Amino acid sequence: MTHPQTTAEAVQRAAGVIGARHRGDLAGAEALLAAFPSEQAKTLGFYLLADLTLGLLRAQTGQSMDDLVRELSLHLATAGHNPPAAGERS
């Protein structure tokens with residue numbers, strides 16, 4: 001999966017999964033997850049979405065990427081590795 005349009009679609013689909021989940025549309029999130037053409041495409045989409053999101057956060061906060069990743073890791077550790085329920089904000 002190296003075509004830029006396909007890569008952009010994977011990132012948009014990953015963002016759609018998260019958006020649907022937070023709206024409480026679990027069926028929509030599941031449908032979007034199932035629409036990924038492969039596990040590789042799904043992994044790449046979510047990886048690039050995370051990288052883009054952290055980059056935007058870094059630009060807004062001025063923190064280093066290492067600091068942001070460390071803060072995220074601490075947050076995950078204290079959250080007990082349980083994602084918030086649909087519609088719940090973390």
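Helices here are DSSP runs of H or I with at least four residues, strands are runs of E with at least two, and both are numbered from the N terminus. With that in hand, alanine 50 sits in helix α3.

A word on the model. This one is predicted: local features need pLDDT of at least 70, side-chain atom pairs count only at pLDDT 80 or more, and totals for chains, interfaces and linings use all residues. Residues are numbered from 1 along each chain as its sequence is written, and side-chain values use heavy atoms, with hydrogens and water left out.

Now the overall layout. The chain has four helices and zero strands. In sequence order the pattern reads α-α-α-α. There are 90 residues, and 17% of them count as buried. Buried means under 20% relative accessible area, exposed means over 50%, and partly exposed is in between, using a 1.4 Å probe and protein chains only. Next, contacts, meaning heavy atoms within 4.5 Å. Take the contacts with a separation of 6 or more: residues 24 or more positions apart account for 48% of them.

On to the core. Which residues form the largest nonpolar core? There are nine: Ala10, Val11, Ala14, Val17, Ala20, Ala29, Phe36, Ala41 and Leu49. Such a core is a set of buried Ala, Val, Leu, Ile, Met, Phe, Trp, Tyr and Cys residues, joined through side-chain atoms within 4.5 Å. The most come from α1, with five residues.

Start with valine 11. Setting aside neighbours within four places in sequence, valine 11 contacts Gly45, Leu48 and Leu49. Phenylalanine 46 belongs to α3. Is phenylalanine 46 buried or partly exposed? Partly exposed, because its relative accessibility is 26%.

Leucine 52 is also placed in α3. Its relative accessibility is 47%, so leucine 52 counts as partly exposed. From leucine 52 to valine 11 the C-alpha separation is 9.4 Å, at 41 residues apart along the chain.

Back to alanine 50. Its relative accessible area is 39%, so alanine 50 is partly exposed. Alanine 50 and alanine 15 are 35 residues apart along the chain, and their C-alpha atoms are separated by 9.5 Å.

One more from α1: glutamine 12. Glutamine 12 counts as exposed, because its relative accessibility is 59%. Its C-alpha atom is 9.9 Å from that of leucine 48, 36 residues away along the chain.

Last topic: α3 and α4. Two packed helices are described by the angle between their axes and the distance between the axes. The axes of α3 (residues 39-61) and α4 (residues 65-78) come within 10 Å and cross at roughly 115°. So α3 is roughly perpendicular to α4. Axes are lines fitted to C-alpha atoms, for helices over the stretch in contact, with angles from 0 to 180 degrees between N-to-C directions. Angles under 35 degrees count as roughly parallel, over 145 as roughly antiparallel, 65 to 115 as roughly perpendicular, and the rest as oblique.

Who makes the contact? From α3, Leu54, Gly55, Leu57, Arg58 and Thr61; from α4, Met65, Leu68 and Val69.
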